[in-house]
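Keep the view open beside you as you read.

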Amino acid sequence: MIQKPKGTYDVFGDYGKQIKYLENLLNTLMDTYHYEYVRTPIFESSSLFHRGVGETTDIVSKETYDFKDRGDRDMTLRPEGTAGVVRSFIENKMYARADMPVKTWYYGPMFRYERPQAGRFREFYQFGVEVFGTPSPMMDAEVISIPVTLFRLLGLKGIQVKINSLGDQESRELYRTALLKHFQPYLSELCSDCKERYSKNPLRILDCKKDKDLQCMKDAPKLSDYLSESSKKHFEQLKQYLEALGIDYVVDEHLVRGLDYYTETVFEVEADIQGFGSNNVLCAGGRYNHLVEHLDGPQTPGVGFALGYERILSALEKEEITLGEENKVDVYVIPMSEEFNGKTFALTQTLRMNGFITETDYLGRNLKGNFKQADRLLASFLILVGEDEEKEHIYTIKNNQTKEEYQVDQDYIVMFLDEKLQELESSCDDHCQCGHHECHCKEGGCHHHE
Ligand code: HAM
């Protein structure tokens with residue numbers, strides 16, 4: 001049997017419901033923040049990622065899915081979303097728009113050839129935002145507030161926001177020189193990756209998992225001592241805006257991020273949940289004030305973040321939060337015998353056209369079998385279609401919970417069901433005790449376990 005590639009997964013059943021719920025919530029959330037939806041290709045010219053994400057990053061140097069297309073062009077499956085959105089911003093001349101800032105959001109699959117493990121996949125889904133055209137720290141705070149708000153709406157409690165500043169180009173240049181000077185005598189102690197980073201991007205030495213316990217790492221100069229006045233001011237203002245929004249955060253001086261494009265603010269939101277595992281960064285991002293010009297656009301500041309669906313869903317699982325409604329059927333339409341299949345099918349279609357979630361029998365079940373199937377599908381109402389119904393145009397509609405039966409004229413079926421389903425829904429609201437904003441009530445029970 002052919003199996004799925006390593007590091008990928010199939011979506012079906014309950015997981016599918018959860019993802020659908022999450023994406024609906026993201027859609028609504030992004031509308032309220034007034035961001036516009038963008039979609040870019042899943043593959044792009046390899047050079048976009050080499051130049052955009054950075055030659056020395058792990059993502060580009062070790063993890064890309066590269067291929068040649070049939071025209072012998074070098075292509076790469078996107079390992080992240082920012083480079084593609086920046087390319088699109090430039091190519092579609094969004095920088096010329098009068099309604100700056102341009103605030104965009106996206107979701108879709110990303111590909112990295114990593115060692116598969118919990119929370120780390122080779123194909124994974126990201127939701128992200130990229131905002132162009134303002135250097136204001138207010139926008140950094142807005143971007144950070146998006147995942148924080150999302151997690152609040154989902155009911156996820158165990159999270160921690162970490163922020164840091166990498167400074168502007170001037171600060172980074174000063175810091176780079178200080179790092180080179182500091183690590184020079186210890187070069188032989190560093191791992192082979194860090195030796196390479198020393199010449200290409202010394203800042204990333206601080207990010208090294210292998211060398212993190214070396215004394216020379218602990219004694220390394222601190223970035224905060226090299227921040228320019230304007231970078232310090234930017235960072236202080238960001239903190240004030242976060243405080244104004246009531247967002248708790250910690251400053252983590254070791255947070256440098258694995259991508260090359262960041263300047264000024266960087267941040268991560270971690271799952272602070274017992275037993276979550278080491279891949280606990282739920283989302284990450286920061287400011288990139290030079291990426292647009294680096295990719296041949298006009299100088300335009302940018303800021304954004306991305307979060308991984310898989311990690312959010314496992315954090316929710318750890319906190320015992322189930323998303324998504326039971327996939328209840330409103331009406332199940334049953335033929336009394338095979339000769340009424342056509343009439344049944346037509347009524348099913350009419351009900352669907354009127355917005356009812358409607359199911360019928362496709363397997364030629366007998367009446368008992370159909371009642372059982374209706375129960376499996378959690379059908380609220382049953383409609384029987386037989387000889388009398390066809391002749392008299394009066395249908396028997398049965399409430400599948402109370403078993404009450406009603407005789408309803410064909411012309412009034414839609415109106416009748418509308419009314420009855422609304423009654424059911426409001427009685428369900430009355431039962432719900434949990435007070436959770438996004439609660440989905442099922443016969444007085446609630447899917448949100450607090
Ligand atoms: P990143 O830190 O590489 O940043 O990824 C962002 C998030 O994607 C991570 O925090 C994690 O939740 C998820 N993620 C990354 N790799 C994997 C994987 N192999 N399996 C599962 N989940 C994963 C970026 O991608 C930047 N483009 C973020 C950004 C946007 N910065 C500015 N704008």
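Which residue in strand 4 does Tyr 65 stand opposite? The first point takes this up; please keep in mind throughout that the model is predicted.

1. Tyr 65 faces Leu 77, a residue of strand 4. The two strands concerned, strand 3 and strand 4 (residues 74-77), run antiparallel and are joined by 4 bridges.

2. **Helix 1, end to end.** Helix 1 covers residues 13-32, 20 residues in total. From its first C-alpha to its last it reaches 29 Å, close to the 28 Å expected at 1.5 Å a residue. Just after helix 1 comes His 34, with a positive phi of about 60 degrees.

3. Which residues of helix 1 are buried? They are Gln 18, Ile 19, Tyr 21, Leu 22, Leu 25, Leu 26, Leu 29 and Met 30. These residues lie on the same side of helix 1, because the arc they cover around the axis is only 165 degrees. On the face turned away from that buried side you will find the exposed residues Lys 20 and Asp 31.

4. **What covers the buried side.** The buried residues of helix 1 are covered by elements including strand 5 (102-111) and strand 6 (123-132). Helix 5 (137-154) and helix 11 (309-318) are also among them.

5. **Strand 7 and its partners.** Strand 7 (residues 159-165) is largely enclosed by the rest of the structure, because 5 of its 7 residues are buried. Strand 7 runs antiparallel to strand 9 (residues 263-271), and 7 bridges join the two. With strand 8 (residues 250-251), strand 7 pairs in the parallel sense over 2 bridges. Lys 162 is a handy residue to look for: it stands opposite Glu 268 in strand 9, and also opposite Val 250 in strand 8.

6. **Stepping back to the domains.** The protein is divided into domain 1 (13-168 + 228-318) and domain 2 (331-446). Taken over C-alpha atoms, the centres of domain 1 and domain 2 are separated by 45 Å.

Key
Residues are numbered from 1 along each chain as its sequence is written. This is a predicted model: local features need pLDDT of at least 70, side-chain atom pairs count only at pLDDT 80 or more; totals for chains, interfaces and linings use all residues. Side-chain values use heavy atoms; hydrogens and water are left out. Two strands pair if DSSP finds at least two bridges between them. Domain bounds come from an automatic or database domain assignment. The expected span of a helix is 1.5 Å times one less than its number of residues. Buried means under 20% relative accessible area, exposed over 50%, partly exposed in between (1.4 Å probe, protein chains only). The arc is that of the directions from the helix axis to the C-beta atoms. Contact means heavy atoms within 4.5 Å.
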